[in-house]
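Please examine the sequence and the model shown below before reading on. The paragraphs that follow lead through the structure step by step.

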Amino acid sequence: MPFSQFHPLRRHPRTGEPYIRLPSPFEQIIVTPPRREDVPHIVTILNDYPVKRWIDGLPFPYLDLHAEDWVAQTKERSDTILHELRKAEEEHPYGPPVAVSGCPVTCLRWTNDDGTEDYLGAIEFSRCNFPDVRDRKEQERLTWRNESRRTGDPEIVWCIGYYLTPSLHGRGIMSCALHTLMYTWAIPRMGARRMRAETIIGNRGSIRVLEKLEFRICDTVKIRRMTNWISGKRGKDV
């Protein structure tokens with residue numbers, strides 16, 4: 001097989017998008033960039049209590065305009081990464097693989113036999129802004145240093161965020177998807193060597209996902225936040 005800077009991305013036969021297919025037993029699931037038609041599905045999932053209760057910082061209610069902004073920003077990042085890959089293909093057609101600034105695919109989709117696809121959730125890799133650091137100046141210093149590192153620098157600290165439609169929780173799908181993106185893209189193509197994730201205290205499902213990938217709990221920080229979940233304001237520990 002000839003070398004390609006786009007490997008292991010495939011080209012979607014209907015939309016032309018890049019995608020990565022999950023391995024067995026989840027080979028009917030692909031990961032692609034976001035689409036505008038995802039908006040109502042994103043809104044439904046992120047307003048569902050089994051998902052919303054474990055994601056810190058999301059507005060509630062989560063509205064179409066919030067999803068539209070996320071889709072637009074995430075699609076723009078994906079296009080930027082694809083541009084980096086096209087440039088690398090022109091300048092280094094025979095290799096080696098060139099490090100890029102992120103992962104161009106984020107959205108999990110179930111592919112049906114009739115060619116339709118169902119939106120399931122998302123995975124994002126972003127440069128960490130150290131939300132657990134309580135000292136504001138220290139947080140800003142760490143974030144600035146992390147953002148200033150060159151693409152591919154193994155010292156970049158990456159944060160992972162993810163969610164999945166509640167009807168599919170507990171089936172191993174997110175563990176498989178995250179493992180696939182980490183080992184086929186984030187590590188070999190982004191140069192990622194330092195990854196972290198934050199979970200809200202009590203989120204056993206998310207902790208199990210991370211433990212399967214050999215993450216370990218490094219610290220527990222209690223921060224009292226105010227939310228507008230349900231009818232009144234209430235706090236939660238993150």
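Helices, of at least four residues, and strands, of at least two, are DSSP runs that are numbered from the N terminus. By this numbering, Val-221 belongs to the loop that connects helix H6 (204-212) with strand S8 (224-227). The model is a predicted one. Within it, Val-221 has a relative accessible area of 22%, and this residue is therefore partly exposed, since the buried class requires a value under 20%. Val-221 and Val-133 stand 88 residues apart along the chain, and their C-alpha atoms are separated by 8.9 Å.

Gly-57 is located in the loop between H2 and H3. Its relative accessibility is 67%, so Gly-57 counts as exposed, the limit for that class being over 50%. In sequence, Gly-57 and Leu-178 are 121 residues apart; in space, 22 Å lies between their C-alpha atoms.

The discussion now turns to the strands. Strand S4 (residues 107-111) has four of its five residues buried, and it is therefore largely enclosed by the rest of the structure. With which strands does S4 pair? S3 and S4 are paired in the antiparallel sense over four bridges, and Thr-32 is found opposite Cys-107 of S4. S4 is also joined to S5 by five bridges, and these two strands run antiparallel. Here Arg-109 has Tyr-119, in S5, as its bridge partner. S4 and S5 form a hairpin with five residues between them, and Gly-115, in the turn, has a positive phi of about 95°.

Helix H1 (residues 39-46) shows how burial can be arranged around a helix. Its buried residues are Val-39, Ile-42, Val-43, Ile-45 and Leu-46. Because these residues cover an arc of only 170° around the axis, they lie on the same side of H1. What do the buried residues of H1 pack against? Their partners are helix H2 (49-52), helix H3 (64-91), strand S5 (117-127) and strand S6 (157-164).

In soluble globular proteins, nonpolar side chains tend to be buried together. In this model, the largest nonpolar core has 38 residues, of which Leu-108, Ile-123, Phe-125, Ile-160, Leu-178 and Met-195 touch the most other members. At least two residues of this core come from each of strand S3 (29-32), H3, S5, S6, helix H5 (173-190) and H6. H5 gives the most to the core, with ten residues.

Is Ser-175 buried or exposed? Its relative accessibility is 9%, so Ser-175 counts as buried. When residues up to four places away in sequence are not counted, Ser-175 touches Val-209, Lys-212 and Leu-213.

The aromatic rings remain to be considered. The structure holds zero aromatic pairs. Arg-189, however, lies over the face of Trp-185, at 5.1 Å from the ring centre.

Note on methods:
Residues numbered from 1 in each chain as written. Predicted model: local features only at pLDDT ≥ 70, side-chain atom pairs only at ≥ 80, totals over all residues. Heavy atoms only, no water. Phe/Tyr/Trp six-rings, centres within 6.5 Å; stacked < 30°, edge-to-face > 60°. Lys NZ or Arg CZ within 6 Å of the ring centre and 35° of its normal. Buried < 20%, exposed > 50% of the residue type's maximum accessible area, 1.4 Å probe, protein only. Arc of directions from axis to C-beta. Contact = heavy atoms within 4.5 Å. Core = buried A, V, L, I, M, F, W, Y, C linked by side-chain atoms within 4.5 Å. Pairing = 2+ DSSP bridges.
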